[in-house]
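Hi,

Here is the structure I promised to pass on to you. Have a look at it first, and then read my notes below.

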Amino acid sequence: MRRRIRGRHAGRLAALLTLAAAAAWGALAAGAIDAPRSAVGVEFRQMNVPVEAPFRRFGGSVQFDPGQPAQARAHVEIDMSSFDVGDDDYNSEVLKPEWFDSAHFPKATFDASGLKPLGAGKYEAAGTLSIKGKSQNLKVPVTLEQRNGATVFSGSVPISRSYFNIGSTEWKDTVADQVLVKFRIAVAAGH
Amino acid sequence: MQATPATAATSYTRTAVALHWAVAALIFGGFALGLVFPDLPASPQKLKLASYHKWIGITVLGLAAMRSAWRLTHRPPPLPPMPAWQMALAKLTHGLLYVLIILVPLLGWMFSSAAGVPVVWLGLVKLPNLVGKDKLLAGLLDDWHMAFAWTLLYVFLLHLAGALKHHFIDRDDTLRRMLRWSSR
């Protein structure tokens, strides 16, 4: 918990520093995630039915300078209790200890350090995803676009439920292990 | 309606009989599941039963489409002589059954779409969403789906009462010919 808070402050500081540097470097994206224009959610399969479910509350910050993609940083925090599968019953079910255990692990985090350019607005982000006390290093394909004065990073990455101990074995046959995490992160473009 | 040559049919075709009973059996199963699963607590069982319910509904919808096509191209045997009001009631009941057998699964499919859960028939064939995800609309469609399912039950009871009356009171062929595996 403490580490996360410190991380956020460091992120803010870094964001301010990057903003300050922006004047010199030109086009870049830095600062807090513009939540209303962003989305974080998952697509999972139950009985082979693809279901999309968003997290309603998340936040964080991004520092990105197109001239130095390797120096890009992102910190995203997701409020696990804001998961909305569209049904109150299942929304409460998923907060239980065998699923998210949101009482003990209220937030999931993703920390990206470095974007590898793949050309044509495509990048690969290296980052660490932490959910329910477990962390996994991921390579996440990211598409970058400029849209209405914001830099938008979007993409998706498959993860395994069982790796993060999400869901007990009785659900194994009905809810697929692989879950696709989808995100669209908008940050006001640098000035 | 009367597209086929007017052979004075006295029996239903095997296809018509098979479709009648297949749809009847599936609707019973689907209705029973529909009574049970929505009140279950969130569980794998609930997800399974909900899926079976939807698979049954889509199967009924497909068979109902085939039945309608068959009915429009094959003349059913004429109803036995009966008072005009009974004839009118029988026709109304049959008409309502056809409409409801299509409407109830269709509303269920729309409800599932609006709830953001696509229907994947038999877990294999993903059907298109009929409406976009919309919580308010989903609630309405859920209500309509249920209301028309209950209407279907009441119309079925009338259908059943008619069949039994013809069989046990009028002692005519009405029920028997739907049980007969003819050569047609």
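**What I found**

A:Lys132 counts as buried, at 13% relative accessibility (buried means under 20% relative accessible area, exposed over 50%, and partly exposed in between, with a 1.4 Å probe and protein chains only). You'll find A:Lys132 in the loop between strand 7 (122–131) and strand 8 (134–147) of chain A. Helices (H or I, at least four residues) and strands (E, at least two) are DSSP runs, numbered from the N terminus. Phi of A:Lys132 is near 50 degrees, a positive value in a residue other than glycine.

A quick word on the ground rules. This is a predicted model, where local features need pLDDT of at least 70 and side-chain atom pairs count only at pLDDT 80 or more, while totals for chains, interfaces and linings use all residues. Residues are numbered from 1 along each chain as its sequence is written, chains are lettered from A and ligands numbered from 1 in the order in which they are written, and side-chain values use heavy atoms, with hydrogens and water left out.

**Chain A**

Chain A has two helices and 10 strands, and along the sequence they follow the pattern α-β-β-β-β-β-α-β-β-β-β-β. Of its 191 residues, 46% are buried.

Phi is also near 50 degrees in A:Asp101, again a positive value in a residue other than glycine. A:Asp101 sits in the loop between helix 2 (88–93) and strand 6 (107–119) of chain A, and it counts as buried at 11% relative accessibility.

Now for A:Ser154, which is in strand 9 (residues 150–160) of chain A. Is A:Ser154 buried or exposed? A:Ser154 is buried, because its relative accessible area is 16%. If you leave aside its neighbours within four places in sequence, A:Ser154 is in contact (heavy atoms within 4.5 Å) with several residues, among them A:Pro141, A:Thr143 and A:Phe183.

**Chain B**

Chain B is built from five helices and two strands, running α-α-α-β-β-α-α from the N terminus on. Its C-alpha atoms fill a box of roughly 50 × 30 × 25 Å along the principal axes. Buried residues come to 37% of its 184 residues.

B:His20 is buried, with a relative accessible area of 14%. Apart from neighbours within four places in sequence, B:His20 is in contact with B:Arg67, B:His159 and B:Met178.

**Salt bridges**

- A:Asp79 pairs with A:Arg57, the closest N and O atoms being 2.9 Å apart. The pair links distant parts of the chain, 22 residues apart: A:Asp79 is in strand 5 (residues 73–79) of chain A, and A:Arg57 is in the loop between strand 3 (49–55) and strand 4 (58–64). A:Asp79 is buried at 16% relative accessibility, whereas A:Arg57 is partly exposed at 45%.
- A:Lys116 and A:Glu124 meet in a salt bridge at 3.8 Å, N to O. A:Lys116 is partly exposed, with a relative accessible area of 48%, and A:Glu124 is partly exposed with 23%.
- B:Asp173 forms a salt bridge with B:Arg176, with 3.2 Å between the closest N and O atoms.
- A:Glu43, A:Glu52 and A:Lys182 are linked in a network of salt bridges.

**Where the chains meet**

The contact takes 19 residues from chain B and 16 residues from chain A. Together the two chains bury about 1,500 Å², 59% of it on carbon and sulfur atoms; buried area is the accessible area (1.4 Å probe) that two parts lose on being put together, summed over both. Which three residues supply more than any other three of the area that chain B buries against chain A? They are B:Ala42, B:Pro44 and B:Leu47, with 35%.

Two salt bridges cross the interface of chain B and chain A. A:Asp88 forms a salt bridge with B:Lys135, the closest N and O atoms being 4.0 Å apart. On the side of chain B that touches chain A, helix 2 (residues 44–73) of chain B gives the most, with seven residues.

Cheers

Note on methods:
Salt bridge = Lys/Arg side-chain N within 4 Å of Asp/Glu carboxyl O.
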